[in-house]
Amino acid sequence: MAELSISVVTYNNKDEIGRLLKSVIKYTKAVDYEITVVDNASQDGTVEYIKNNFPTVKLIETGENRGFGYGHNKMLGASSEFHAVLNPDIELRSDVLSELVNYLKANKDVALVTPKILNPDGTQQYLPKRKPTFKYMFLGRLSRYVKAFEPIRDEYTMKNTSMTEPTQIEFCTGCFMVMRTEYFKKTGGFDERFFMYLEDVDLTERLSKYGKIMFYPRASAVHNWEGGSSKNFRLMKIHISSMFKYFKKQRENK
């Protein structure tokens with residue numbers, strides 16, 4: 001039984017997945033791990049590429065694309081102690097996974113941890129760390145077009161908060177999260193009503209019932225992020241739909 005299970009959900013990610021898998025294999029040395037790629041019916045040769053180039057990687061073919069959370073929930077039967085969720089566009093440049101596992105081992109009160117996320121040029125990528133609100137989600141999103149809204153986005157991402165040491169946060173990005181598998185199972189995994197977007201904050205909130213959610217800046221990974229929903233109208237519609245689903249669920253749970 002591997003100490004750490006890793007899941008990556010793909011949908012037409014042939015151009016990205018190789019970089020991620022090579023980096024995990026190259027750098028992850030201090031923890032016993034197992035990688036599973038869950039493919040949501042890719043049509044670009046992703047499956048064939050993985051089969052031909054990464055024989056040690058487990059592959060689950062869902063045969064349909066029902067979203068990010070649906071794919072990752074295929075790992076709810078994992079027998080590992082810790083479980084990592086990685087995006088296909090992540091790239092490791094150090095043994096960050098072992099560092100995060102060791103942090104969880106040393107801090108029993110932590111349920112979920114995420115590292116510092118970097119842009120390919122090495123600068124920090126400021127991703128949300130506070131619980132979403134309408135102000136953060138809508139006005140913060142407009143900050144790239146309206147300079148007056150930049151402080152709202154900065155507040156949402158905690159950009160101006162000094163975080164040189166492990167810091168408790170409210171929102172853990174789904175591009176790179178490591179959790180205790182036991183708690184992942186207890187929550188029932190991702191809410192599959194979210195096709196994509198906001199399922200990570202929803203899971204974070206449910207995991208917070210079992211322990212702290214932590215940002216760990218001593219370790220980092222690169223996120224080759226393209227901000228798809230700000231450039232693609234179809235993805236933007238999915239993002240907006242997920243926002244309303246999230247806020248509706250929040251009202252229902254009060």
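This is a predicted model: local features need pLDDT of at least 70, side-chain atom pairs count only at pLDDT 80 or more; totals for chains, interfaces and linings use all residues.
Reader: Let's begin with strand S6. Is S6 mostly covered or mostly open, and which residues does it span?

Author: Strand S6 runs over residues 110-118, and eight of its nine residues are buried.

Reader: Which strands pair with S6, and in what sense?

Author: Strand S9 (residues 212-223) runs parallel to S6, joined by eight bridges. Strand S8 (residues 176-180) is antiparallel to S6, with two bridges. To find these pairings on screen, look for Thr 114, whose bridge partner in S9 is Phe 215, and for Leu 112, whose partner in S8 is Met 179.

Reader: Now the rings, please. How do I read an aromatic pair?

Author: A pair of aromatic rings is described by how far apart the centres are and by the angle of the planes. The whole structure holds nine aromatic pairs. One of them, Phe 68 with Phe 190, is edge-to-face, at 5.5 Å centre to centre and 80° between the planes. Phe 68 belongs to helix H3 and Phe 190 to the loop between helices H7 and H8, so this pair ties together parts 122 residues apart in sequence. Both Phe 68 and Phe 190 are buried.

Reader: What about Tyr 103 and Tyr 216?

Author: That pair is tilted, with 4.9 Å centre to centre and 50° between the planes. Tyr 103 lies in helix H4 and Tyr 216 in strand S9, so the pair links parts that are 113 residues apart in sequence. Tyr 103 and Tyr 216 are both buried.

Reader: Which residue lies over the face of Phe 215?

Author: Lys 129 does, at 4.8 Å from the ring centre.

How values were computed: Residues are numbered from 1 along each chain as its sequence is written. Side-chain values use heavy atoms; hydrogens and water are left out. Buried means under 20% relative accessible area, exposed over 50%, partly exposed in between (1.4 Å probe, protein chains only). Helices (H or I, at least four residues) and strands (E, at least two) are DSSP runs, numbered from the N terminus. Two strands pair if DSSP finds at least two bridges between them. Rings of Phe, Tyr and Trp (its six-membered ring) pair if their centres lie within 6.5 Å; planes under 30 degrees apart count as stacked, over 60 as edge-to-face and the rest as tilted. A charge sits over a ring if NZ of Lys or CZ of Arg is within 6 Å of the ring centre and within 35 degrees of the ring normal.
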